[in-house]
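Q: I have a new structure open here and would like to talk it through. Could you start with the overall layout?
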Amino acid sequence: TMGQQESRVLDPKVLAKLRDTTPLTKKQVETLRERFRGEADERGTVDLEGFRRLCFASTSLSDVQVERFFNVFDTDRNGRVDMQEFLSGVIVCVKGSLEDKIKIIFDIYDTDFDGNITRDEVTDLCKATALSVWKMQHRQNGGDDSKTDASTSTSSSASSSSSSSSSS
């Protein structure tokens, strides 16, 4: 596991390099720091909900998608993102090389960080992406998707349990 973690984009060696060679201006870094401090708890970290408010409050990303980004940013796997993890993740996402961005996308799909992407990992993210796109279109057309969350998750659970039982 250790070797696999070291190959990830947001590993400690890469984080140190980014910190020393950040392509962001001092003002941009300070703005990010201020926003982070506004969400951070007394330990100087954010949990998944704080991360969602910090990064994705105005987007239509699904819970699954936000959680996948959170897990990629949470490089020490403690269930929290600290300032260094946050800034480094943002820098890679915004100013990183194409190769670094591809590695992040790979890590978003590779939910167990085993270095492989399974069919189930791709399927889960595709379903979440499709739901996000549908919600965004529904909102743009004036719809209220608060009622559709429960029905969508219920129908999706029902269809997955019926497909599970039919395959048994």
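A: This is a predicted model, and the secondary structure of its chain comes to 9 helices and 2 strands. Read from the N terminus on, the elements run α-α-α-β-α-α-β-α-α-α-α.

Q: OK, and what share of the 168 residues is buried?
A: Buried residues make up 30% of the chain. The chain exposes about 10400 Å², of which carbon and sulfur atoms supply 54%.

Q: Which residues have the most contacts inside the largest nonpolar core?
A: That core has 17 residues, and those with the most contacts inside it are Leu32, Phe36, Phe51, Phe73, Val81, Phe86 and Leu87. The elements that give two or more residues to this core are helix H3 (26–39), helix H4 (48–56), helix H5 (63–73) and helix H6 (83–95), and H6 gives the most, with 5 residues.

Q: What does Leu32 touch, leaving aside residues up to four places away in sequence?
A: Leu32 touches Leu24, Phe86, Leu87 and Val90.

Q: Switching topic, how do the axes of H4 and H5 cross?
A: The two axes come within 10 Å and cross at roughly 100 degrees; H4 and H5 are therefore roughly perpendicular to each other.

Q: And which residues make that contact?
A: On the H4 side they are Leu48, Phe51, Arg52 and Phe56, while H5 brings in Asp63, Val66, Glu67, Phe69, Phe70 and Phe73. The residues of this contact divide into 7 nonpolar, no polar and 3 charged.

Technical notes: Residues are numbered from 1 along each chain as its sequence is written. This is a predicted model: local features need pLDDT of at least 70, side-chain atom pairs count only at pLDDT 80 or more; totals for chains, interfaces and linings use all residues. Side-chain values use heavy atoms; hydrogens and water are left out. A nonpolar core is a set of buried Ala, Val, Leu, Ile, Met, Phe, Trp, Tyr and Cys residues joined through side-chain atoms within 4.5 Å. Buried means under 20% relative accessible area, exposed over 50%, partly exposed in between (1.4 Å probe, protein chains only). Helices (H or I, at least four residues) and strands (E, at least two) are DSSP runs, numbered from the N terminus. Contact means heavy atoms within 4.5 Å. Axes are lines fitted to C-alpha atoms, for helices over the stretch in contact, and angles run from 0 to 180 degrees between N-to-C directions. Angles under 35 degrees count as roughly parallel, over 145 as roughly antiparallel, 65 to 115 as roughly perpendicular and the rest as oblique. Ala, Val, Leu, Ile, Met, Phe, Trp, Tyr, Cys and Pro count as nonpolar, Asp, Glu, Lys and Arg as charged, and the others, Gly among them, as polar. Accessible areas come from the Shrake-Rupley method with a 1.4 Å probe; for residues, only the protein chains shown count as cover.
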